[in-house]
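Here are some notes for a first look at this entry. Please read them with the structure open.

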Amino acid sequence: MADLVSEDTRDKTYDDIPGLQPWMLQQLKYLKILRPTPIQYHCIPPAIEGRDIIGAAKTGSGKTLAFVIPILQKLSVDPYGIYALVLTPTRELAFQIADQFKGLGGPVSLKISVIVGGIDRLTQCKELSKSPHVVVATPGRLADILDSAPEFTLKRIKFLVLDEADRLMDGRFDDQIQTIWSSLPERRQTLLFSATITDRLQKMKDLASSEVFLWQTSAKNDQATVQQLDERYCLVSPVSKDATMVALLLEFSEKNPKGLIIVFTDTCKSTQILSMMLNNLGVQSVCIHSMLTQKERLAALARFKSSQVKILIATDLASRGLDIPLVQLIVNHKIPNSPSVYIHRVGRTARAGRSGQAVTFVTPHELKLLLAVEGKTKRKMSEVKVDEAMAQRIMKQVNVTKREQEIKLDETDFDERRNINKRKRLIMEGR
Ligand code: ADP
Ligand code: MG
């Protein structure tokens with residue numbers, strides 16, 4: 001765990017952070033969270049003082065508690081609902097953040113609601129009418145409820161948190177954010193967190209009200225990915241890619257029987273097909289993407305988190321924020337177009353001082369993208385060694401199986417589901 005804490009906070013404990021109350025210190029000790037990470041050490045005091053915060057620190061560096069601790073601490077002094085609103089880009093992340101609040105908030109009888117799409121809206125409205133202390137929400141569902149339930153108000157909140165702030169501000173949530181913004185009080189504290197925040201910093205600074213406290217990981221360590229992460233690439237031809245990946249997965253699983261693996265690819269359909277292909281090859285996997293129902297998404301994640309299935313195939317739905325300590329390997333089946341997406345994906349491993357590995361497949365056509373990633377992370381990757389003979393041996397079987405699964409999927413209502421989802425979205429947007 002030592003690497004989690006950089007030089008300047010290594011000898012610190014939570015007792016060294018001014019303003020933390022005894023119940024909080026006791027609760028942290030009880031949870032065996034003993035030493036603040038740098039972002040926690042530096043951001044908790046100004047947050048308790050009442051300042052707005054922009055906190056940028058690498059993946060897995062404890063950003064969640066950097067806002068959970070000050071909110072719970074202030075809430076315990078003046079408890080009412082709704083006291084804090086936390087926005088985050090994905091539903092799964094909303095549940096995970098709520099869990100962190102619950103873990104720490106027991107002694108103050110914390111009431112918390114998760115407001116996300118894909119789950120019964122009526123139940124959520126009922127929960128909100130009971131004024132929970134903290135609401136963790138994805139923008140879509142919250143904006144939807146604000147639009148249609150005028151009796152529900154956020155006018156008294158003290159804290160607004162944007163977790164994965166740059167993703168929330170990247171344009172895709174603009175309409176919903178606008179709706180939410182217009183229902184918030186002028187006087188409030190705004191806390192913004194992300195691992196990749198610099199590009200949008202200015203816009204976010206403008207949004208925050210009082211003088212902003214900005215905290216970033218020190219400049220002398222300007223690599224964007226964490227030290228304990230072993231980053232590799234694998235140059236393949238398109239026709240041998242899947243077989244090479246299967247060989248890699250088998251080899252890794254054999255060497256690391258407890259390790260969990262996340263494979264990222266680009267579309268819902270490829271995610272679904274890769275997962276079906278692996279299952280048909282006898283390699284158990286689950287998948288998560290936006291065309292599954294919320295129930296299916298949560299079920300897949302639960303099976304993965306509990307190690308019942310060791311491989312998760314995912315779209316970028318899972319690239320942000322998810323904290324699953326046993327994940328030891330990230331595979332980029334498709335290299336992302338944007339280096340910051342890469343940083344978030346590989347940040348699902350090597351968290352909280354642990355080690356981890358990332359392997360990115362590239363075809364000759366995609367070498368430019370690899371260079372772009374290396375330019376951003378300021379790290380050169382070396383090539384990974386895969387059992388080529390095995391890849392060659394299984395190539396035909398892998399490719400045939402994949403083709404069969406593609407045909408199978410075409411025969412189902414998969415594309416139909418997509419069209420329905422698309423129509424729903426257009427209707428929601430009033431188009
Ligand atoms: P980030 O949001 O920066 O990616 P998280 O807040 O998800 O990181 O934290 C990553 C992991 O580290 C979580 O499992 C969390 O419980 C753990 N963690 C957070 N703070 C500490 C700490 N001070 N000491 C040990 N583990 C911690
Ligand atoms: Mg986080």
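1. Where does Ile-82 lie? Ile-82 sits in the loop between helix 3 and strand 2, the latter spanning 84–87. Bear in mind while looking that this is a predicted model. The peptide bond joining Gly-81 and Ile-82 is cis. Its omega is about -5°.

2. Ser-109 belongs to the loop between helix 4 (91–105) and strand 3 (112–115). For background, most residues other than glycine have a negative phi, and most peptide bonds are trans.

3. Now turn to ligand 1. There are 18 residues around it. Those that come nearest are Tyr-14, Arg-35, Gly-60, Thr-64 and Asp-323. By class, the shell divides into 6 nonpolar, 7 polar and 5 charged residues.

4. Which parts of the chain supply the shell around ligand 1? Domain 1 (2–216) and domain 2 (229–417) each give at least three residues. Helix 3, residues 63–77, provides the largest share, with 3 residues.

5. Check the contacts to oxygen atoms of ligand 1. A backbone N or O atom of Gly-60 lies 2.6 Å from one such oxygen atom. For Ser-61, a backbone N or O atom is 3.0 Å from an oxygen atom of the ligand. Arg-351 uses its side chain: a polar atom there lies 2.9 Å from a ligand oxygen atom. The protein covers 88% of the accessible area that ligand 1 has on its own, which is 570 Å².

6. Strand 12 (residues 327–332) and strand 13 (residues 356–362) pair in the parallel sense, over 4 bridges. Val-331 has Val-359 in strand 13 as its bridge partner.

7. Last, the annotation. An unreviewed UniProt entry lists residues 244–392 as "domain: Helicase C-terminal". In the model, the end C-alpha atoms of residues 244–392 are 8 Å apart. The span is 41% helix and 18% strand.

Terms used
Residues are numbered from 1 along each chain as its sequence is written. Chains are lettered from A and ligands numbered from 1 in the order in which they are written. This is a predicted model: local features need pLDDT of at least 70, side-chain atom pairs count only at pLDDT 80 or more; totals for chains, interfaces and linings use all residues. Side-chain values use heavy atoms; hydrogens and water are left out. A residue is near a molecule or strand if one of its heavy atoms lies within 4 Å of it. A polar contact is a pair of N or O atoms within 3.5 Å; within protein, one must be able to donate a hydrogen and the other to accept it, and residues adjacent in sequence count only if both atoms are side-chain atoms. Accessible areas come from the Shrake-Rupley method with a 1.4 Å probe; for residues, only the protein chains shown count as cover. Helices (H or I, at least four residues) and strands (E, at least two) are DSSP runs, numbered from the N terminus. Ala, Val, Leu, Ile, Met, Phe, Trp, Tyr, Cys and Pro count as nonpolar, Asp, Glu, Lys and Arg as charged, and the others, Gly among them, as polar. Domain bounds come from an automatic or database domain assignment. Two strands pair if DSSP finds at least two bridges between them. UniProt positions are given in the numbering used here, feature names are shortened, and annotations may be inferred rather than shown by experiment.
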